[in-house]
Amino acid sequence: MTEARLKIALTKGRVEQQVLPLLEQAGIDCDLIRHKQRRLIFDSPTQPYEFILAKGPDVTTFLERGAADIGIVGSDILVEHRSTQYELLDLGVGRCQFILASTADFDPDAPQRKIIGTKYPLITKRYFDQLGQDVEIIKIEGSVELAPLTGLADAIVDITETGTTLRENHLQIYDYLQPVSTRLVVNRLALKQQQAAIYDLVDRLAAVVNATTPKEQIK
Ligand SMILES: Nc1ncnc2c1ncn2[C@@H]1O[C@H](COP(=O)(O)OP(=O)(O)OP(=O)(O)O)[C@@H](O)[C@H]1O
Ligand SMILES: O=P(O)(O)OC[C@H]1O[C@H](OP(=O)(O)OP(=O)(O)O)[C@H](O)[C@@H]1O
């Protein structure tokens, strides 16, 4: 009987670039992914893993529907998409912060109903609900910073890492909502059926993360 392959859905783009070195340090050959061109599925040549490259929100869908066993995805996506899968590891990369930002003349305490632009309507709603504020939320797919600059919205809820995009667009931070990092999550049924293989991978990655992440950053 051939050994079952673990299907790992990896968020392509920024997360992929930051996670590949961790996978390699954990002993997984990622050469095929590094030279992938337009291919989307890769069998690891030396281990029983199959990598599926997908957008973050789709990684959660693959996991929920059992089309992938393991997902590697930002905590921003997990919260926004109400993921109910088991989170086994904080990979310590893809670190950024959710913030409320706008132009210098924005008044967060103004009594008028605010219009907020964001890629993350659920996280935005929860934040303003906690403040007891009813806001209008406009869903934006990218370059969220445009919203307050063009008059589309009063402010934005978005993620920032270096602050460069905010600075270059003359926007300032009014509040910090929550930190974000890349997580390893697992489908519940897969965890039952392939427990040994999943924990073997998680243990190897955890050793790499613990060796490379400063202690104060591990939550
Ligand atoms: N500026 C950032 N710094 C660090 N991590 C980020 C940053 N922006 C996004 N991330 C993390 O990386 C994940 C994927 O971001 P990425 O920009 O690659 O994809 P995207 O948001 O779908 O953008 P695009 O549509 O441009 O590919 C996010 O879900 C988040 O967890
Ligand atoms: O603080 P910084 O380091 O400048 O990073 C912040 C930017 O990164 C993300 O955008 P992304 O690059 O994913 O592009 P997008 O606007 O197309 O979503 C985020 O939405 C900010 O625009």
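Modeller: Let's start with an idea: two strands pair if DSSP finds at least two bridges between them. Strands here are DSSP runs of E, at least two residues long, and helices are runs of H or I, at least four, both numbered from the N terminus. One caution is that this is a predicted model, in which local features need pLDDT of at least 70 and side-chain atom pairs count only at pLDDT 80 or more, while totals for chains, interfaces and linings use all residues. Residues are numbered from 1 along each chain as its sequence is written, with chains lettered from A and ligands numbered from 1 in the order in which they are written.

Biologist: Thanks! How many helices and strands are there in the protein?

Modeller: The protein has 9 helices and 11 strands. Its C-alpha trace spans about 65 × 35 × 30 Å along the principal axes.

Biologist: Now the pairing. Which strands pair with β11?

Modeller: Strand β4 (residues 70-74) is joined to β11 by 5 bridges, and the two run antiparallel. Strand β5 (residues 86-90) also pairs with β11 in the antiparallel sense, over 4 bridges.

Biologist: Is β11 mostly covered or mostly open?

Modeller: A residue is called buried if 20 or more other C-beta atoms lie within 10 Å of its own, exposed if 12 or fewer, and partly exposed in between, with C-beta atoms placed from the backbone. Strand β11 (residues 182-186) is mostly covered, with 5 of its 5 residues buried. Thr182, Leu184 and Val186 are buried on one side, and Arg183 and Val185 on the other. Across the protein, buried residues make up 36% of the 219 residues.

Biologist: How do I read a helix that packs against β11, such as α3?

Modeller: In general, an α-helix has 3.6 residues a turn, so residues three or four places apart point the same way. In helix α3 (residues 56-64), the buried residues are Gly56, Asp58, Val59, Thr60, Phe62 and Leu63. These buried residues pack against β1 (6-11), β3 (49-54), β4, α4 and β11, where a contact is two C-beta atoms, placed from the backbone, within 7 Å. After α3 comes Gly66, whose phi is positive, near 75°.

Biologist: What share of contacts joins residues 24 or more positions apart?

Modeller: Among contacts with a separation of 6 or more, 70% are between residues 24 or more positions apart.

Biologist: Which strands does helix α5 link?

Modeller: Begin with the strands: β7 (residues 115-118) and β8 (residues 136-139) run parallel, joined by 4 bridges. Ile116 has Ile137 as its bridge partner in β8. Between them the chain crosses through helix α5 (residues 121-130), and this β-α-β crossover is right-handed. Right-handed means that, with the strands pointing away from the viewer, the path from the first strand over the helix to the second runs clockwise.

Biologist: What are the domains?

Modeller: Bounds come from an automatic or database domain assignment. Here the assignment gives domain 1 (6-94 + 181-217) and domain 2 (96-179). Their C-alpha centres lie 29 Å apart. The contact takes 5 residues from domain 1 and 6 residues from domain 2.

Biologist: Where does ligand 1 draw its shell from?

Modeller: A residue belongs to a shell if its C-beta atom, placed from the backbone, lies within 6 Å of the molecule. For ligand 1, domain 1 and domain 2 each give at least three residues. There are 15 residues in total, and the closest are Gly13, Arg14, Gly74, Cys96 and Glu161. Helices α1 (14-25) and α4 (75-80) each supply at least two.

Biologist: And which residues surround ligand 2?

Modeller: Among them are Gly142, Val144, Asp158, Glu161 and Thr165. Strand β9 gives the largest share, 3 residues, and β9 (155-160) and α7 (164-168) each supply at least two.

Biologist: Why does Val144 count as buried?

Modeller: Val144 counts as buried because it has 23 C-beta neighbours inside 10 Å. Val144 sits in the loop between β8 and α6 (146-150). Leaving out residues up to four places away in sequence, Val144 touches Gly117, Thr118, Lys119, Ile156 and Asp158. The C-alpha atoms of Val144 and Phe62 are separated by 26 Å.
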